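Keep the viewer open and follow along.

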Amino acid sequence: MLIGAMNHPEANPLEEIAWIGELGLDFVDLTLEPPKAASWIVKPALIRAALERHGLRVVGHTAWYLPMASAFEDIRKGALAELKRCIDVFAQVGAKWMNIHPDRFTPWHERRFYVQRNILTFRELIDYGSEHGVGIMIENLPGDFNNVQQLSELLDPLPELGLHLDIGHANLQVPRNTTREIVAVYGSRIRHVHLHDNKGGSADLHLPLGTGSLNLRESICDLRSTGYDGTITLEVFSPDRHFLLYSAERLRAEWKQAETLVAAERLAP
């Protein structure tokens with residue numbers, strides 16, 4: 001299991017890579033967003049050199065607000081062009097996977113419309129990413145794509161599409177955290193994980209682990225039961241990085257405990 005953190009798009013990405021490396025984390029969840037980390041601003045060669053200098057791996061992250069399901073075709077194509085440019089950057093810096101956030105903002109249209117528009121965009125991105133060695137994964141989002149039934153609308157038609165499981169999001173706008181049901185059906189499709197705490201409801205607070213209502217041990221056990229042992233980004237958004245370090249320590253301890261619990265459960269009669 002590898003633990004990483006995300007750069008802030010308002011900061012110089014090279015400086016962000018430096019502090020993430022200095023904290024002793026394993027990778028950067030590199031988000032390409034304006035104002036200072038946009039795909040057309042960053043210098044891929046310098047980013048790759050900084051990652052290598054600090055011994056960091058990299059996962060690709062894109063802006064959550066791109067209108068890839070827009071009813072306006074030129075706008076959808078504009079979002080597609082931006083995401084292809086992100087793939088170009090991620091290929092150059094060494095990222096093997098890039099996340100995207102399904103678009104659900106198409107006023108006056110029914111759900112089927114924006115689901116199909118997302119699929120149209122995803123198919124083009126999967127093909128383009130395959131040519132450049134970058135896989136595409138979708139992130140579960142509160143409200144619209146946050147349980148098995150909702151995610152199946154996107155994942156089932158596109159078997160090449162990976163799943164970026166956000167465990168914090170799975171705790172929002174639901175009667176019960178949906179991590180268990182998602183990993184039970186799509187555990188083999190998980191390519192990356194986000195982890196942060198919140199207090200349920202609709203507020204995506206990005207709190208340090210253990211400070212909200214997320215059942216951390218249960219969620220980690222559910223994830224561990226799939227055999228997943230990849231990248232986990234701690235989306236703990238605080239200017240005080242002690243909270244990020246504490247969360248990393250807590251995650252390592254829970255991961256070790258989950259390994260023991262899962263192994264015992266498999267051996268039980």
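**Helix pairs, a covered helix and some loops**

Start with helix H1 (residues 13-22) and H2: their axes come within 10 Å and cross at roughly 10°. This is a predicted model, so read every value as computed from it. Angles under 35 degrees count as roughly parallel. H1 and H2 are therefore roughly parallel to each other. On the H1 side, Leu14, Ile17, Ala18 and Gly21 make the contact. They meet Leu46, Ile47, Ala50, Leu51 and His54 of H2. By class, this contact of H1 with H2 holds 7 nonpolar and 2 polar residues, and no charged ones.

Now follow H2 to its other partner here. Helix H2 (residues 44-54) packs with helix H3 (residues 73-93) at an angle of about 40°, and their axes lie 8 Å apart. That angle makes H2 oblique to H3. The crossing of the two, H2 and H3, is right-handed. From H2, the contact takes Pro44, Ile47, Arg48 and Leu51. From H3, it takes Val89, Ala91, Gln92 and Val93. The residues of this contact of H2 with H3 divide into 6 nonpolar, 1 polar and 1 charged. Look again at Ile47 and Leu51. Both are listed in the contact of H2 with H1, and both are listed in the contact of H2 with H3.

H3 also packs with H4. The axes of H3 and H4 come within 10 Å and cross at roughly 25°. That makes H3 roughly parallel to H4. H3 passes H4 in a right-handed crossing. H3 brings Glu73, Arg76, Leu80, Leu83, Lys84, Ile87, Asp88 and Ala91 to the contact. H4 answers with Arg117, Leu120, Thr121, Glu124, Leu125, Tyr128, Gly129 and His132. What is the make-up of the contact of H3 with H4, by nonpolar, polar and charged residues? The contact of H3 with H4 has 7 nonpolar, 3 polar and 6 charged residues. Ala91 of H3 takes part here, and Ala91 is also in the contact of H3 with H2.

Next, turn to H5. This helix is mostly covered, with 6 of its 8 residues buried. The buried residues are Val148, Gln150, Leu151, Ser152, Leu154 and Leu155. They pack against H4, strand S5 (135-139), S6 and H6.

Which residues of H6 are buried? Thr179, Ile182, Val183 and Tyr186 of H6 are buried. They cover an arc of only 95° around the axis, which puts them on the same side of H6. An α-helix has 3.6 residues a turn, so residues three or four places apart point the same way. The cover over the buried residues of H6 includes helix H5 (148-155), strand S6 (162-166), strand S7 (190-195) and helix H7 (216-224).

Now the loops. Arg104 sits in the loop between strand S4 (97-100) and helix H4 (111-132). At 32% relative accessibility, Arg104 counts as partly exposed. Leaving aside neighbours within four places in sequence, Arg104 is in contact with Tyr114, Leu141, Pro142, Asp144 and Phe145. Ser70 is 34 residues from Arg104 along the chain, and the C-alpha atoms of the two are separated by 8.7 Å.

Trp108 lies in the loop between S4 and H4 as well. Is Trp108 buried or exposed? With a relative accessibility of 87%, Trp108 counts as exposed. The cut-off for exposed is over 50%.

Some backbone values deserve a check. Most residues other than glycine have a negative phi, and most peptide bonds are trans. Trp108 has a positive phi, near 75°. His206 has a positive phi too, near 55°. His206 is found in the loop between S7 and H7. With a relative accessible area of 9%, His206 is buried. The peptide bond from Pro34 to Pro35 is cis, with omega near 15°. Pro35 has its place in the loop between strand S2 (27-32) and H2.

Note on methods. Residues numbered from 1 in each chain as written. Predicted model: local features only at pLDDT ≥ 70, side-chain atom pairs only at ≥ 80, totals over all residues. Heavy atoms only, no water. Axes fitted to C-alpha atoms, helices over the stretch in contact; angles between N-to-C directions. Helix = DSSP H or I, 4+ residues; strand = E, 2+ residues; numbered from the N terminus. Parallel < 35°, antiparallel > 145°, perpendicular 65-115°, else oblique. Left-handed = near helix turned anticlockwise from the far one by under 90°. Contact = heavy atoms within 4.5 Å. Nonpolar A, V, L, I, M, F, W, Y, C, P; charged D, E, K, R; others polar. Buried < 20%, exposed > 50% of the residue type's maximum accessible area, 1.4 Å probe, protein only. Arc of directions from axis to C-beta.
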